[in-house]
Amino acid sequence: MSTTSVAHLIPECADRPGDDPIFALNALATRRAEAGEDVLNSTLGALMKDDGRLAVMPSFFAAVQAISREQAAAYAPISGPPVFLNAVVQDLFEGGPLAAHAVAAATPGGTGACHHAIVNFLEPGQELLTTSYFWGPYGILAHHTRRGCRTFRMFRADGGLDTGALAAALDRHVEKQGRALVVMNTPCHNPTGYSLDDDDWSRLVDVLAAAARRAPVTLLLDQAYAKYAAPGPKGWLGHVERLLGQVTVLFAWSASKAFTQYGSRIGACVAVEADPAERAAIKNALGYSCRGTWSNCNHLGMLAVARLLTDRDLRRRSEEERDELRRLLSARVQAFNALAGARGLSYPRYEGGFFVTVFTPDADATMRSMQEEGVFVVPLDGAVRVAICATPVVRIPRLVDALARGVRAAGG
Ligand code: PLP
């Protein structure tokens with residue numbers, strides 16, 4: 001019997017890629033470091049301290065201690081404990097008017113929220129619409145659920161969000177599909193680091209509202225890195241309020257980065273919809289999708305996060321710990337901006353967040369040149385992704401030097 005033939009998997013699953021490319025690059029960097037080389041691994045999307053260890057917020061474990069064993073061990077409600085869902089809604093909307101129009105379901109991280117958005121707001125065969133640089137799993141989630149993923153050019157020549165390209169693409173989606181799901185990851189977009197500014201938001205809302213006059217339009221706001229945005233009021237909430245009654249707005253909320261709990265798989269899909277009947281239907285649909293996929297989520301983790309968001313002392317502790325992590329990241333961002341600008345690197349406006357993307361005419365050539373120096377980054381189409389979150393501040397000069405040489409080696 002042949003060992004290579006695949007008889008039992010259905011044909012569409014017989015050729016799935018075996019390894020995530022970013023994890024494969026990380027494995028290569030780790031092997032070379034273990035062989036004694038001085039490797040700088042700027043591939044992985046987790047916040048590491050300057051000593052190279054994972055940054056962890058101790059307050060999460062204090063919150064865990066306060067949950068009884070019986071509570072932790074019991075099944076969670078299918079859609080998630082109300083105390084957790086309410087706390088997430090408050091965390092997102094900070095007491096503003098959107099909270100009154102929100103329903104939510106628990107999901108394993110923001111990934112689960114993206115899944116629920118795709119299966120409930122697109123028909124099989126239809127495509128979501130996102131920026132030309134995007135987090136790869138959007139495409140996997142879409143294909144895995146028999147939908148597709150289409151992109152629009154992310155940046156205009158002046159560096160702002162290309163809402164003209166979005167409008168044209170949205171027009172085609174409305175025409176062809178009779179509905180649209182637009183996925184935006186802001187603030188601190190992965191992979192570019194870009195955060196929409198007030199002007200981007202204004203134009204985005206105008207484009208979405210115009211399309212929504214022709215067909216149902218849903219906006220999914222992926223908030224994975226929201227807690228690492230530049231400090232200041234959440235001005236974008238006002239823009240989202242303008243969409244109320246026109247566009248259904250979904251939020252992918254996640255504790256992975258917000259509470260450094262990547263492995264606990266805590267998150268929520270929050271939907272803001274003005275019409276009460278539709279809102280109730282969305283709540284049911286999200287809960288049904290929970291039952292039809294992972295059933296229910298990590299009870300202990302959700303109860304701990306609920307406490308972190310609502311208990312005054314725990315909340316203060318976690319905010320102080322996070323401020324410390326933001327300072328750690330911000331020192332790297334500032335060092336990068338100071339050096340990369342001076343070396344003539346081309347990259348989007350970068351004010352904070354785990355990643356930045358540096359443009360290059362040939363990403364593979366840039367990656368290879370950098371790897372020869374022991375510096376690891378992730379190649380994209382026309383750019384490389386640099387995980388500032390995993391790069392100690394003292395190694396930013398080496399990173400920028402390697403990037404500058406790598407872009408030059410690619411003809412840039
Ligand atoms: N969205 C973006 C843009 C991400 O980078 C990630 C994680 O890397 C996620 C969503 C989902 O992460 P999680 O499922 O751990 O919340």
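Reply: Helices (H or I, at least four residues) and strands (E, at least two) are DSSP runs, numbered from the N terminus. With that in place, Pro191 is found in the loop between S5 and H8. This is a predicted model, in which local features need pLDDT of at least 70 and side-chain atom pairs count only at pLDDT 80 or more, while totals for chains, interfaces and linings use all residues. Residues are numbered from 1 along each chain as its sequence is written, and side-chain values use heavy atoms, with hydrogens and water left out.

Me: What is the phi of Cys188 like?

Reply: Cys188 has a positive phi of about 60°, although this residue is not a glycine. Cys188 lies in the loop between S5 and H8 and is buried, because its relative accessibility is 2%. Arg265 likewise is not a glycine and has a positive phi, of about 55°.

Me: Where is Arg265, then?

Reply: Arg265 is in the loop between H10 and strand S8 (267–272). With a relative accessible area of 32%, Arg265 is partly exposed.

Me: Changing topic: which residues are closest to the ligand?

Reply: The ligand is surrounded by 14 residues, and the closest are Thr111, Asp222, Tyr225, Ser254 and Ser256. A residue is near a molecule if one of its heavy atoms lies within 4 Å of it. The shell divides into 4 nonpolar, 7 polar and 3 charged residues. Here Ala, Val, Leu, Ile, Met, Phe, Trp, Tyr, Cys and Pro count as nonpolar, Asp, Glu, Lys and Arg as charged, and the others, Gly among them, as polar.

Me: Which helix gives the most to that shell?

Reply: H5 gives the most, with 3 residues. Helix H5 (109–121) and helix H10 (255–258) each supply at least two residues of the shell.

Me: What does the side chain of Thr111 do with the ligand?

Reply: An N or O atom in the side chain of Thr111 is 2.5 Å from an oxygen atom of the ligand. The side chain of Ser254 likewise has an N or O atom 2.5 Å from a ligand oxygen. For Asp222, a polar side-chain atom lies 2.5 Å from a nitrogen atom of the ligand. A polar contact is a pair of N or O atoms within 3.5 Å; within protein, one must be able to donate a hydrogen and the other to accept it, and residues adjacent in sequence count only if both atoms are side-chain atoms.

Me: How much of the ligand's accessible area does the protein cover?

Reply: The protein covers 92% of the 390 Å² of accessible area that the ligand has on its own. Accessible areas come from the Shrake-Rupley method with a 1.4 Å probe; for residues, only the protein chains shown count as cover.

Technical notes
Buried means under 20% relative accessible area, exposed over 50%, partly exposed in between (1.4 Å probe, protein chains only).
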